[in-house]
Amino acid sequence: MSGLAETVREPDEILLGFTRALRAAGVPVTQDRAHGYLAAVSMVGLDDARAAYLAGRATLCASPDDLVRYDQVHEAYFNARDGLPRARPTEEGVVPSFSGLPLSEGDGDGDGETDDPVVRAMASDAEVLRHRDVASLTAAEKSRLSALFGTLQPRPPRRRTSRHHAWHRGRVDASRTLRASLRRMGEPADIEWRRRGNKPRRVVLLVDVSGSMSGYADALLRLAHRFTHSGGVVETFTIGTRLTHVTRALRSRDPERALIAAGETVPDWSGGTRLGETLKIFMDRWGQRGMARGAVVVVFSDGWERGDPSLLAEQMARLRRVAHRVVWVNPHRGKRGYEPVQQGVLAALPFVDEFVAGHSLATYAELVEVVAHA
């Protein structure tokens, strides 16, 4: 046996990695199934490899085809000796590295020319995937797309502050100019300049998780996770039949853990849509007190409203009066032939500054720029 010690991974990391491997193999592992899997394994314990194996089959598989794939992935992923995957030992002084595949033919340090047809095909496939409708993707394609979310780099919008700081141009800073002259015994000194400072502007995300948005909910929460870790002040809520604050759940660095934590927090997945009522709760409890005041508020919804559209219009008017900008993201906005005929959309549009598409990774990249320049 070599002197290199094997590093055992944390149990949560083991189980989440296994669910990701199943998704890559085509098993449709949803957030609810992953949460059920973690709960089941915690009850039987990882020490009982057979019980943990059966717990996975019972919670992660939904069809006979899933059982076949499950057995194949389980055998490849877990160590047959003790049931736990281990980190591969590396030679001393050698640090493994990974060079990501460029997402387009122009990326990279080279001149963009390559004769490798495999590399060109993979890059082209990734670019096609960026423009696909998220709701139409297979489980394997969604797994690949989740890795591409790392290419999104949200930047917080900025707002000007009342404080000034030194700058090479702008307004004359009379106080600093006078002090500099006094230090020179009254002799003329260089003119000092100043300008107003700036700081990140708060971003508030309202994500519709109702039944009509179920095909986009996972991708939208991944996008919210990227915004949460952008360096700005970001607050995220889910809306449907209830309003749920999920900012704390999304603070985990691992997106898979963050989505599972959000799934545990949200009680109304794939339910109905009462945008007016939930928006009123948000304004009464959070928005009017300052969270939405001066913020960029982004609403992710298709606008299917089961409640009173006039209530939604009233609350959107309240939101517009306190927010800096209101952006409405509709997954059907960028599709051919779409017309905003839903009652919720018609009620909200008069109070929206930006009405943008949100059905693919490419449209999410465009939304990142809209928010950054708000």
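Q: Which residues line the second largest cavity?

A: First, the idea: on a 1 Å grid over the protein atoms alone, a cavity is a set of points where a 1.4 Å probe fits but cannot get out, and lining residues have an atom within 4 Å of a point. Here the lining is L16, T19, R23, Q31, A34, D218, R222, E256, L259 and I260. This is a predicted model, where local features need pLDDT of at least 70, side-chain atom pairs count only at pLDDT 80 or more, and totals for chains, interfaces and linings use all residues. Residues are numbered from 1 along each chain as its sequence is written, and side-chain values use heavy atoms, with hydrogens and water left out.

Q: Which helices each supply at least two residues of that lining?

A: Helices (H or I, at least four residues) and strands (E, at least two) are DSSP runs, numbered from the N terminus. For the second largest cavity, they are α1 (11-24), α2 (31-44), α8 (214-228) and α9 (255-265). The whole protein chain has 13 helices and 11 strands.

Q: How do the residues of this lining divide into nonpolar, polar and charged?

A: Ala, Val, Leu, Ile, Met, Phe, Trp, Tyr, Cys and Pro count as nonpolar; Asp, Glu, Lys and Arg as charged; the others, Gly among them, as polar. The second largest cavity is lined by 4 nonpolar, 2 polar and 4 charged residues.

Q: What lines the largest cavity?

A: L206, I239, L275, T278, L279, V299, L312, M316 and W328 do. Helix α10 gives the most, 3 residues. This lining has 8 nonpolar residues, 1 polar and no charged.

Q: At what angle do the axes of α3 and α4 cross?

A: Axes are lines fitted to C-alpha atoms, for helices over the stretch in contact; angles run from 0 to 180 degrees between N-to-C directions. Helix α3 (residues 49-60) and helix α4 (residues 64-77) cross at roughly 145 degrees, with axes that come within 10 Å.

Q: Which residues make the contact?

A: Contact means heavy atoms within 4.5 Å. From α3 come A52, Y53, G56, R57 and L60; from α4, L67, Y70, D71 and H74. They divide into 5 nonpolar, 2 polar and 2 charged.

Terms used. 1 Å grid on protein atoms, 1.4 Å probe; cavity = no way out; pocket = protein on both sides within 12 Å on 5 of 7 lines; lining within 4 Å.
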